[in-house]
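Subject: Handover of a structure and its findings

Dear colleague,

Please find the structure below, together with its sequence. My findings follow it, and I would ask you to read them with the model open.

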Amino acid sequence: MRNERIGDYLVSQGLITTEQLTQVLAAQKESNGTKKFGDVVVELGFMSEVNFTKALANKLRVQYVDLDTAEINSEAVQKVPEALARKHTVIAIAVTGKRLTVATNDPVNFIVLEDIKVSTGMDTVPVLATTTAINKAIGKNYSMQNVDSVVDSIAAMNANNVDAEEEESKDRVESAPIVKLATTIIENSYRADATDIHIEPFKTYTRIRIRVNGDLVELMNISSAVHSALATRLKLISGMNIAEKRIPQDGRFTQVVDGTTLDVRVSSLPMVNGEKIVIRILSTGQIALRKITDLGMSEYNYKLFESMLRVPQGVILVTGPTGSGKTTTLYAALGELAKPNVNVITVEDPVEKAIDGINQCQVNAKAGMTFAAALRSILRQDPDIVMVGEMRDSETADIGIRAAITGHLVLSTLHTNDAASTVVRLIDMGVAAYMVATSLIGVIAQRLIKVLCPECKTPRITTEEENDLLGVEQSIQIFDPCGCVSCNNTGYRGRTAIHEIIHCTAKVSSIIAANGSKEEIEAAAKDNGTKLLRDNAAELCIAGKTSIDEVIRTTYTV
């Protein structure tokens with residue numbers, strides 16, 4: 001049995017079909033031995049990495065370990081040097097007497113195990129884990145150990161440079177410890193699934209916080225002596241002027257973390273105690289574009305959205321506050337619409353994801369390339385579908401609406417609180433009511449709502465007040481967050497979107513043309529079957545996917 005090939009074993013277990021095995025072997029042959037069988041199976045989407053690793057563990061009769069939830073002993077980690085761990089994709093997780101338990105993605109590779117035995121002087125016991133989990137654990141465990149020593153060495157450098165000038169010398173800012181600290185902060189933040197990093201200077205210390213699932217969480221505090229060098233290092237790599245500390249600046253750079261290239265946006269703002277740096281982490285186009293079925297829409301809303309995308313000309317608007325996933329929704333819609341026989345052009349600030357087959361244009365206000373100027377030129381480029389990153393001013397809104405009336409499909413975003421107030425906002429921006437009424441296909445308002453951790457959520461029965469909020473007749477079972485190892489004691493794991501979609505039917509359009517109020521538009525939309533954000537959030541709460549606190553946080557109105 002042990003000599004049975006892994007492909008045959010997977011077929012015998014009913015995990016893949018014979019046809020799929022043939023495809024995998026052909027693809028592996030094409031790679032000329034550069035790819036392992038498991039990599040190809042996962043790449044072709046026949047199995048997930050976790051399922052393949054578990055099947056391999058069963059075949060080899062080796063224990064499988066989920067490193068995301070397993071407790072990793074820091075003493076064990078230190079036994080294996082970081083360079084060796086990265087070279088062989090291994091991480092030591094436990095010590096028992098003279099035996100070292102090592103997580104590896106290749107437990108039958110005795111050269112690797114022998115290498116570790118020579119280096120540590122201990123017997124190695126292999127366990128199996130996924131390559132992704134091992135890389136993540138290596139980054140997390142080694143980099144956090146490095147932070148303290150990095151901060152200490154920078155503090156020592158600063159103590160020796162008491163007489164140095166206020167302006168950092170380039171050599172000092174590019175010194176190994178500062179470079180390591182800046183890299184480590186971004187790596188640790190990305191591994192914690194953070195979207196933003198805040199580096200905030202105070203009188204005696206600098207606080208570093210990261211935004212995870214929409215909430216700011218403290219990552220670490222460092223000495224204020226380090227702040228100036230760290231800020232200068234980040235400004236240097238993101239192409240800002242390091243001598244200018246009195247005005248706000250913006251920049252960007254790329255960094256590779258665990259094999260993924262990140263697009264990192266940096267913004268600096270002068271504060272009382274130094275410059276506050278905020279870093280936005282964006283995964284580049286290497287991460288697959290979401291399909292509209294992956295947006296977390298309810299079946300009802302998904303059908304509405306799909307029918308809107310079939311309309312050949314008009315305007316579709318996506319609205320919501322900053323960071324509510326508007327761009328993700330637009331990109332998913334573009335992925336659906338971009339066919340070889342249509343010309344799709346986007347104008348964005350900035351271009352967040354490069355998409356094959358779509359012409360993407362970057363706004364550059366300094367050079368006079370504004371949304372309005374770009375949009376005017378785009379309309380002379382024979383487009384079928386136009387995406388405008390944001391309708392920021394009346395000029396952009398006006399050109400966008402006119403483009404829709406002249407036979408183009410226009411997709412854009414707007415910052416408003418709900419779908420009905422979007423129409424009022426457009427008219428308020430100076431677009432004639434009759435033009436909005438004739439061109440608008442529909443409006444999607446969305447928010448991101450946290451999803452309860454399935455491991456630790458705790459059930460309870462609703463109170464009368466909560467019944468009113470959820471729109472139910474009698475008390476029902478709902479769930480509260482609790483907190484465990486797999487969700488970092490937050491009680492939540494990941495986020496999903498809630499939507500409110502208004503379809504501009506004849507009735508809604510006539511109210512818009514007659515300069516109707518937000519309330520009138522909302523009432524007409526409800527008659528057409530629009531489900532409000534509150535209804536959508538309540539459905540998720542009743543289904544046990546989110547908590548009542550989240551329903552209130554995302555949809556509460558006075």
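Helices (H or I, at least four residues) and strands (E, at least two) are DSSP runs, numbered from the N terminus. The model is a predicted one, in which local features need pLDDT of at least 70 and side-chain atom pairs count only at pLDDT 80 or more, while totals for chains, interfaces and linings use all residues. Residues are numbered from 1 along each chain as its sequence is written, and side-chain values use heavy atoms, with hydrogens and water left out.

Two residues with positive phi

Most residues other than glycine have a negative phi. Asp-382, although not a glycine, has a positive phi near 55°. Asp-382 belongs to the loop between α14 (371-378) and β13 (385-388). Is Asp-382 buried or exposed? Asp-382 is exposed, with a relative accessible area of 61%; here buried means under 20% relative accessible area, exposed over 50%, and partly exposed in between (1.4 Å probe, protein chains only).

Thr-89 also has a positive phi, of about 50°, and is not a glycine. The loop that holds Thr-89 runs between α6 (82-88) and β1. Thr-89 is buried, at a relative accessible area of 15%.

Arg-376 in helix α14

Helix α14 includes Arg-376, which is partly exposed with a relative accessible area of 39%. Apart from neighbours within four places in sequence, Arg-376 is in contact (heavy atoms within 4.5 Å) with Glu-395 and Ile-399. From C-alpha to C-alpha, Arg-376 and Val-351 are 18 Å apart, and in sequence they are 25 residues apart.

The sheet of β1, β2 and β3

Three strands form an open sheet in the order β1-β2-β3, with mixed pairing; two strands pair if DSSP finds at least two bridges between them. The edge strands, β1 (90-96) and β3 (123-128), each pair on one side only. Neighbouring strands in this sheet are turned by 30° against each other on average, direction ignored. Axes are lines fitted to C-alpha atoms, for helices over the stretch in contact, and angles run from 0 to 180 degrees between N-to-C directions. Strand β2 (residues 99-104) runs parallel to β3, and six bridges join them. Ala-103 stands opposite Val-127 in β3. Helix α7 (residues 110-120) lies across β1, β2 and β3, at about 140° to β3.

Strand β15 and its partners

How many residues of β15 are buried? Of the 13 residues in strand β15 (residues 440-452), eleven are buried. Strand β10 (residues 314-319) runs parallel to β15, with five bridges between them, and Ile-316 is opposite Gly-442 in β15. With strand β18 (residues 492-503), β15 pairs in the antiparallel sense over ten bridges. Leu-452 has Tyr-492 in β18 as its bridge partner.

Helices α21 and α22

Two packed helices are described by the angle between their axes and the distance between the axes. The axes of helix α21 (residues 533-542) and helix α22 (residues 548-555) come within 9 Å and cross at roughly 165°. That makes α21 roughly antiparallel to α22, given that angles under 35 degrees count as roughly parallel, over 145 as roughly antiparallel, 65 to 115 as roughly perpendicular and the rest as oblique. On the α21 side, Leu-533, Arg-534, Ala-537, Ala-538 and Cys-541 make the contact, and on the α22 side Ile-548, Val-551 and Thr-555 do.

With kind regards
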